[in-house]
Amino acid sequence: MRRFVVVAAVLLAALSLASPAAAHGGASVTIHSDGRGSVWITAQWQDGHPINEPTPVTLTATPAAGGTAAPVPASTLTQTGDQRGTQTWSGVLPPGSWRVAIDLGAPVEGRCQALVPSAAQGAASAQPVEVACLIPATGATAEGDAAESSTGSLAPLWVTLGILVIAGLIVAEVVRRHRTGRPQPPADSQ
């Protein structure tokens, strides 16, 4: 019985190390723009559930090649709590072409980037944008950071090994009791 408790405790510890992103299979983040400077994202776990957990999300924007406008300082997005996992930015990009970067904190831990055009108000040439990024369950960025991509990737292996060890201990105890024909008293009581 003591072995069972120890193995169960180890298994529980291994399970608690798995991140929420690993439980959902990573994330899908889409940067949206109406083409007139409004920017928002939708974020869902890869299993289809919206990311409505408190997640710090920061937007930064710099002018694309040849732009002369000042960069947009880092701004926080606001969750709407809808079924798409929408987060909105309260600002508006000035006219021009912008490199928008979205940095997502825990539990997602990733980055998504897009080239976003912003037409002047009243211009007929507004081009809406949707750029999707897949963020692995390991927490690596969409560009793929090899050093981070291995973090936490062994959690399913440890869980499986823990389950197999527990099953093996149970089978060994059943076989031992079957061979002796009667239950053995615990070693501690002798």
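Trainee: In which sense do β3 and β4 pair, and over how many bridges?

Mentor: Strands of a sheet pair through backbone hydrogen bonds, either parallel or antiparallel. This is a predicted model, and in this model β3 and β4 pair in the antiparallel sense over three bridges.

Trainee: What is the order of the strands in the open sheet?

Mentor: The order is β4-β3-β7-β8, four strands with antiparallel pairing. At the edges stand β4 (72-76) and β8 (110-118); each has a single partner strand, so one side of each has no neighbour in the sheet. From one strand to the next, the twist averages 20°.

Trainee: Where is T55 found, and which residues is T55 in contact with beyond its neighbours in sequence?

Mentor: T55 is in the loop between β2 (39-45) and β3 (57-63). Leaving aside neighbours within four places in sequence, T55 is in contact with Q79, Q87, L104, G105, A106, P107 and V108.

Trainee: Does T55 count as buried or exposed?

Mentor: The cut-off for buried is under 20% relative accessible area. T55 has 8% relative accessibility, so T55 counts as buried.

Trainee: Which loop holds D82, and what does D82 touch?

Mentor: D82 is in the loop between β5 (78-79) and β6 (86-88). Not counting residues up to four places away in sequence, D82 touches P50 and N52.

Trainee: Which backbone nitrogen atoms lie by the side chain of D82?

Mentor: Take them in turn. The D82 side chain reaches the backbone nitrogen of R84 at 3.2 Å. For G85, the backbone nitrogen lies 3.0 Å from a polar atom of the D82 side chain. D82 has a relative accessible area of 28%, so D82 is partly exposed.

Trainee: How many salt bridges does the count come to?

Mentor: Side chains of opposite charge can pair when their charged atoms come close. The cut-off is 4 Å between the side-chain nitrogen and the carboxyl oxygen. By this rule the count comes to three salt bridges. One of them joins the side chains of D103 and R111, at 3.5 Å from N to O. D103 is partly exposed, with a relative accessible area of 27%, and R111 is also partly exposed, at 25%.

Trainee: Which residues are linked in a network of salt bridges?

Mentor: The network links E173, R176 and R177. In the salt bridge of E173 with R176, the closest N and O atoms are 2.5 Å apart. In the salt bridge of R177 with E173, the closest N and O atoms are 2.8 Å apart.

Trainee: Where do E173 and R176 lie, and how far apart are they along the helix?

Mentor: Both lie in helix α4 (residues 155-180), three residues apart, which is about one turn of the helix. R177 and E173 are four residues apart in helix α4, so about one helical turn separates them.

Trainee: What is the relative accessible area of E173, R176 and R177?

Mentor: For E173 the value is 29%, so E173 is partly exposed. R176, at 33%, is partly exposed, and R177 is partly exposed at 41%.

How values were computed. Residues are numbered from 1 along each chain as its sequence is written. This is a predicted model: local features need pLDDT of at least 70, side-chain atom pairs count only at pLDDT 80 or more; totals for chains, interfaces and linings use all residues. Side-chain values use heavy atoms; hydrogens and water are left out. Helices (H or I, at least four residues) and strands (E, at least two) are DSSP runs, numbered from the N terminus. Buried means under 20% relative accessible area, exposed over 50%, partly exposed in between (1.4 Å probe, protein chains only). Contact means heavy atoms within 4.5 Å. A polar contact is a pair of N or O atoms within 3.5 Å; within protein, one must be able to donate a hydrogen and the other to accept it, and residues adjacent in sequence count only if both atoms are side-chain atoms. Two strands pair if DSSP finds at least two bridges between them. Axes are lines fitted to C-alpha atoms, for helices over the stretch in contact, and angles run from 0 to 180 degrees between N-to-C directions.
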